[in-house]
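Here is a short report on one protein chain. Look at the structure first, then read on.

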Amino acid sequence: CLICGDPYMGTEKPSNCPFCGASESYLVPAADWVDENEALGEISEISRTNLQRALQLEVNNAPFYRDAMARTRNIELQCIFKNLAKIEAEHASTIKKILKVELPEPEAGEDVATDDDHENIVAAHEREIAAAAFYGQAADEAVEERIKRVFMVLTSIETDHIDLEQALLDRGI
């Protein structure tokens, strides 16, 4: 994957990266993959600030989804929350690689879900809306092509999450 750098296994190209959720247009044969982070060079102050904010956001969201998964008795929601937790963690890992830093700790209280499925979906929906809006802004502000592309892809992935959560809310969950 040109976004997260993780390889998928199999003979058929998946429709999305199974790790970060990037669309198949970002999946290339291993022989064609190049680590774009290595050629990135100096990161502008605005991009560094936005990447640090994005890293904290993703670090907060992954454990929230793990907590929501642990609290629900609904098997469908367990699967959805588990997948979202993995994707958010992969986003944090991707940003960490760009910044060449360690992962920060989740902010106090940001990693906690409730025992109410509907409340957790609403909270997840609000988190994803905020993330997508921020990532769109960060993409516009980025001067580095690699960082601009990563933020654009993150916007798209978070928008997919918004659609998924909206469908759950529309079903009355």
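## Cysteines

The sulfur of C20 is 3.7 Å from the closest cysteine sulfur, which sits in C1, and that is too far for a bond. A disulfide is a pair of cysteine sulfur atoms within 2.5 Å. C20 is buried, with a relative accessible area of 1%.

What about C79? Its sulfur is 19 Å from the closest cysteine sulfur, in C17, again too far for a bond. How many disulfides does the structure hold? The count is 0.

## About the model

This is a predicted model, where local features need pLDDT of at least 70, side-chain atom pairs count only at pLDDT 80 or more, and totals for chains, interfaces and linings use all residues. Residues are numbered from 1 along each chain as its sequence is written, and side-chain values use heavy atoms, with hydrogens and water left out.

## The overall fold

Which elements make up the protein chain? There are 4 helices and 0 strands. Read from the N terminus, the order is α-α-α-α. Helices (H or I, at least four residues) and strands (E, at least two) are DSSP runs, numbered from the N terminus.

The protein chain has a radius of gyration of 16 Å, which agrees with the value near 16 Å for a compact globule of 173 residues. That radius is taken over C-alpha atoms, and the globule rule is 2.2 Å times the number of residues to the power 0.38. Along its principal axes, the C-alpha trace spans about 45 × 40 × 25 Å.

## Inside and surface

Of the 173 residues in the protein chain, 44% are buried. Contact means heavy atoms within 4.5 Å. Among contacts with a separation of 6 or more, 75% join residues 24 or more positions apart.

The accessible surface of the protein chain comes to about 8,900 Å². Carbon and sulfur atoms own 53% of that surface. Accessible areas come from the Shrake-Rupley method with a 1.4 Å probe; for residues, only the protein chains shown count as cover.

The protein chain carries 16 positive and 34 negative charges, and their mean positions are 4 Å apart. Lys and Arg count as positive and Asp and Glu as negative, while His and the chain ends are not counted. The place of a charge is NZ of Lys, CZ of Arg, CG of Asp or CD of Glu.

V59 lies in helix α1, which covers residues 45–71. Is V59 buried or exposed? V59 is buried, with a relative accessible area of 8%. Leaving aside neighbours within four places in sequence, V59 is in contact with A92, L103, P104, E105 and P106. V59 and S93 are 34 residues apart in sequence, and their C-alpha atoms are 9.1 Å apart in space.

N120 is found in helix α3. N120 is buried, at a relative accessible area of 1%. With neighbours within four places in sequence left aside, N120 is in contact with F64, A68, F81, A113 and T114.

## Before the helices, and between them

P14 is found in the segment before α1. P14 is partly exposed, with a relative accessible area of 22%. Beyond neighbours within four places in sequence, P14 is in contact with Y8, E24 and L27. P14 and L55 are 41 residues apart in sequence and 26 Å apart in space, C-alpha to C-alpha.

N16 also has its place in the segment before α1. N16 counts as partly exposed, at 32% relative accessibility. Once neighbours within four places in sequence are set aside, N16 is in contact with G21, A22, S23, E24 and L27. N16 and I157 are 141 residues apart in sequence, yet 9.7 Å apart in space, C-alpha to C-alpha.

Where is K100? K100 is in the loop between α2 (75–99) and α3 (117–141). K100 is exposed, with a relative accessible area of 58%. Phi of K100 is near 60 degrees, a positive value in a residue other than glycine.

Note on methods:
Buried means under 20% relative accessible area, exposed over 50%, partly exposed in between (1.4 Å probe, protein chains only).
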